[in-house]
Amino acid sequence: MSTVLIKLLCALFPSGETQYNRDKLLQGQGIDTPLSDTGHLQAAAAGRYLRDLHFTNVFASNLQRAVQGFGVAEGRPKEDLKNMANAAGQACRDYTPPGGETLEQVTTRFKKFLKSLYQRMLDDHCSSDPCSASSPGPSEPKSPIIAGLANDGVHGVPVHALIVSHGAFIRISVRHLVEDLQCSVPAGLKMSQVISRCPNTGICRFIITLSREKSSPRAIHIQCIFINRKDHLNEKL
């Protein structure tokens with residue numbers, strides 16, 4: 001029988017705008033561009049929005065902007081990628097340019113990250129027996145109250161990880177959580193919204209309930225609180 005060890009709040013957060021974003025140029029692991037002036041304002045607005053939340057762990061990309069590779073298409077206009085996809089008879093979102101990462105490769109990279117994240121959370125926050133004893137039971141969590149606030153879903157979940165990465169990586173990660181791991185989503189949320197482009201500094205939040213089976217952590221329930229929230233960008237930048 002599995003033992004529930006911990007509930008983890010996970011916030012996925014893409015970086016602010018870069019000049020490449022503004023110019024509609026493709027950027028991946030091969031191009032490390034700094035934030036634009038707007039990007040800095042977006043990051044500051046997100047910081048103000050999240051300032052009263054406590055994050056127990058922060059994971060960030062080592063790129064300046066904060067990583068799906070586009071191969072030969074990197075640095076070129078997004079229109080070029082669309083033309084390459086059309087020539088190959090594929091939808092743009094499913095097309096991989098020569099030398100680029102496939103969707104499967106990005107998903108595999110995220111799965112490896114999840115595995116290391118789960119283990120890190122247990123090592124950091126659940127290394128003693130009292131943690132196991134005080135953790136929630138194996139039943140499905142009750143739906144949190146969503147009020148459009150920065151702390152939606154946070155109450156009662158002491159472990160909170162912030163993950164700052166690349167927008168395309170986060171979009172593919174969210175799709176994996178929902179489609180492959182059967183994450184529950186808010187009522188009325190359409191699949192088109194789940195897989196939509198992640199806006200700069202748009203925030204996704206999930207509650208992950210972990211258990212340990214055969215000494216390895218496993219997610220037994222994943223609940224989406226919201227996807228691509230950008231309330232903080234409504235203020236004048």
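Reader: What makes Glu179 partly exposed?
Author: Glu179 has a relative accessible area of 36%. The term buried means under 20%, exposed means over 50%, and partly exposed lies in between (1.4 Å probe, protein chains only), so Glu179 is partly exposed. The model is predicted: local features need pLDDT of at least 70, side-chain atom pairs count only at pLDDT 80 or more, and totals for chains, interfaces and linings use all residues. Residues are numbered from 1 along each chain as its sequence is written, and side-chain values use heavy atoms, with hydrogens and water left out.

Reader: Why is the contact of Arg175 with Glu179 called a salt bridge?
Author: The closest N and O atoms of Arg175 and Glu179 are 3.1 Å apart. A salt bridge needs a side-chain nitrogen of Lys or Arg within 4 Å of a carboxyl oxygen of Asp or Glu, so this pair counts as a salt bridge. Arg175 and Glu179 are separated by about one helical turn because they are four residues apart in helix H6. Helices (H or I, at least four residues) and strands (E, at least two) are DSSP runs, numbered from the N terminus. Arg175 is partly exposed, at 24% relative accessibility.

Reader: How many salt bridges does the structure hold?
Author: The structure holds six. One of them joins Arg109 to Glu101, with the closest N and O atoms 2.8 Å apart.

Reader: How do you know whether Glu101 is buried or exposed?
Author: Its relative accessible area is 13%, so Glu101 is buried. Arg109, at 25%, is partly exposed.

Reader: What makes Phe110 and Phe169 an edge-to-face pair?
Author: Their ring centres are 5.9 Å apart and their planes stand at 80°. Rings of Phe, Tyr and Trp (its six-membered ring) pair if their centres lie within 6.5 Å; planes under 30 degrees apart count as stacked, over 60 as edge-to-face and the rest as tilted. Phe110 and Phe169 are therefore edge-to-face. The pair links distant parts of the chain, 59 residues apart: Phe110 is in helix H4 (residues 103–125) and Phe169 in helix H6 (residues 167–180). Phe110 and Phe169 are both buried.

Reader: How many aromatic pairs does a search of the whole structure find?
Author: The search finds two. Phe59 and Phe113 also form an edge-to-face pair, at 5.7 Å centre to centre with 85° between the planes.

Reader: Why does Phe59 count as buried?
Author: Phe59 counts as buried because its relative accessibility is 17%.
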